[in-house]
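Have the viewer open as you read.

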Amino acid sequence: MTGTVTMSLEVELGWGVARYGLLDKISPGRERETRRLHALLDCCATHDVPITFNVVGHLFLESCDGDHEGPYPEGWFDVDPGTSVEEDPLFYAPDLVEAILDAETAHELCTHTFSHVECGELPPEAVAHDLRTARDIHEEHGIDEFVSLVPPRHSSPPRDVLRDVGIETVRVPHYRSPDFGEPKTPLHKLVAILNGPHPIAEPHLIDGVVETYSPVYKTLAAEYLPLGEYDTHPAYRWIPRETGKKLHRRYHERALDRAVETGGHIHLWSHLYDVANDHQWPQIEALIADIGERVERGELEVKTMAEVNEEVRDDVERPRRVTQ
Ligand SMILES: [Zn+2]
Ligand SMILES: [Zn+2]
């Protein structure tokens, strides 16, 4: 059978961590993240594997004065340095956006909001304004309008806001899929992180928005290896590093095997900074090569979120052929 894999990668840099005091998860001057993005783009070009890059809109800017109007909560932009890419490359990254756009592979530029808004927490008017600001920035850069949103911190946006702003597809935690139940116990989650199997979850068109499902824990990067500049989380330090790397590779292999065997869909994700260290990277390279080979053998298709959106809408709109 032919399985489908989607990969989405959050390019958020400081915007995803500064509000939570975790800025040191990113390397000084984001040097490792910049190098890693270039290596990732090269690897994707070699194996002809496209990725959905979920980019925070503010990163498109060369500079700003730190003042962004809108119906945001008081102090929302306190984390904004109000400088430029030279001074604060964790908050401005037009070079990274450029690199993705210039890549040989037809990657997707999806939005991760303009200022890393938790879409279910902030007032709907702030969410709508923030998404429109991101849309304007894409337009100013002459980039196709985005149809996809990966909501920061898995915080679910109101569906009417998405429809108003023209978002057609969104990544959603897999347990919210109609095909799954509520999240399981912490022990179940631990076993799933270490051993899989990665859930097979078909995308669904719900309330006018195509939902594609992914676990809330990272699946492109491994939770039990160092993430970004941080050492392994204490909960996983009992796992020897080399064993962790083998588990990581095996998790991906089994996820692809399952997608192929069932003809189902898997959606892997992580942040760029998570995979910027050398403990995660070899397994990511192996995964992308593996995907490329399986695509060549006709076992697997790689689809961006925008492509998944098209496919699901086509299926819904096309009348089913009746066979006698
Ligand atoms: Zn700014
Ligand atoms: Zn984020």
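Glu296 counts as exposed, because its relative accessibility is 74% and the cut-off for exposed is over 50%. Keep in mind that this is a predicted model. Glu296 sits in helix H8, which covers residues 281-296.

Ile284 is buried, at a relative accessible area of 3%. Ile284 and Arg249 are 35 residues apart along the chain, with 8.2 Å between their C-alpha atoms. Arg249 turns up again in a network of salt bridges, together with Glu253, Asp257, Asp290 and Arg294.

**The zinc sites**

Start with the zinc ion that is ligand 1. Which protein atoms hold the zinc ion (ligand 1)? The donors are NE2 of His58, SG of Cys64, NE2 of His68 and OD of Asp80, at 1.9 to 2.2 Å from the ion. Why is the arrangement of the 4 donor atoms called tetrahedral? The angles they subtend run from 97 to 119 degrees, and four donors count as tetrahedral if all angles lie between 85 and 135 degrees. In sequence, the donor residues follow the spacing H-x5-C-x3-H-x11-D. His58 and His68 are each in the loop between strand S2 (52-55) and H3, 10 residues apart. Are these two histidines buried or exposed? Both His58 and His68 are buried.

The zinc ion that is ligand 2 has another set of protein donors: Glu12 through OE, and His112 and His116 through NE2. These atoms lie 1.9 to 2.1 Å from the ion. The spacing in sequence is E-x99-H-x3-H. His112 has a relative accessible area of 1%, so it is buried. His116 is buried as well, at 2% relative accessibility. The cut-off for buried is under 20%.

**The second largest pocket**

Next, a pocket. The second largest pocket has a volume of about 360 Å³. How many residues line the second largest pocket? There are 19, and Arg153, Lys218, Trp269, His271 and Tyr273 are the ones nearest its centre. Sorted by class, the lining has 7 nonpolar, 5 polar and 7 charged residues. Helix H1 (14-17) and strand S8 (265-271) each give at least two residues to this lining.

**Salt bridges**

Side chains of opposite charge can pair when their charged atoms come close. How many salt bridges does the count come to? The count is 19.

| Pair | N to O distance |
|---|---|
| Arg30 and Asp95 | 2.9 Å |
| Asp231 and Arg241 | 3.6 Å |
| Lys303 and Glu301 | 3.2 Å |

Take Arg30 and Asp95, which form a salt bridge. Arg30 is in the loop between H1 and helix H2 (31-47), while Asp95 is in helix H3 (residues 94-102), so the pair ties together parts that are 65 residues apart in sequence. Arg30 counts as buried, with 3% relative accessibility. Asp95, by contrast, is partly exposed, with a relative accessible area of 35%.

Now for Asp231 and Arg241, whose side chains meet in a salt bridge. This pair links distant parts of the chain: Asp231 is in the loop between strand S7 (209-214) and helix H7 (241-262), and Arg241 is in helix H7, 10 residues apart. Asp231 is partly exposed, at a relative accessible area of 48%. Arg241 is partly exposed too, at 33%.

Lys303 counts as buried, with 12% relative accessibility. Glu301 counts as partly exposed, at 37% relative accessibility.

How values were computed. Residues are numbered from 1 along each chain as its sequence is written. Chains are lettered from A and ligands numbered from 1 in the order in which they are written. This is a predicted model: local features need pLDDT of at least 70, side-chain atom pairs count only at pLDDT 80 or more; totals for chains, interfaces and linings use all residues. Side-chain values use heavy atoms; hydrogens and water are left out. Donors are N, O and S atoms within 2.8 Å of the metal (3.2 Å for Na, K and Ca); water is not among the atoms, so sites may look incomplete. Buried means under 20% relative accessible area, exposed over 50%, partly exposed in between (1.4 Å probe, protein chains only). On a 1 Å grid over the protein atoms alone, a cavity is a set of points where a 1.4 Å probe fits but cannot get out, and a pocket is an open set with protein on both sides within 12 Å along at least five of seven lines; lining residues have an atom within 4 Å of a point. Grid points are joined across faces, edges and corners, and a volume is the space filled by probe spheres set on the points. Helices (H or I, at least four residues) and strands (E, at least two) are DSSP runs, numbered from the N terminus. Ala, Val, Leu, Ile, Met, Phe, Trp, Tyr, Cys and Pro count as nonpolar, Asp, Glu, Lys and Arg as charged, and the others, Gly among them, as polar. A salt bridge is a side-chain nitrogen of Lys or Arg within 4 Å of a carboxyl oxygen of Asp or Glu. Four donors count as tetrahedral if all angles lie between 85 and 135 degrees; four count as square planar and six as octahedral if opposite donors are over 155 degrees apart and all others between 65 and 115; anything else is irregular.
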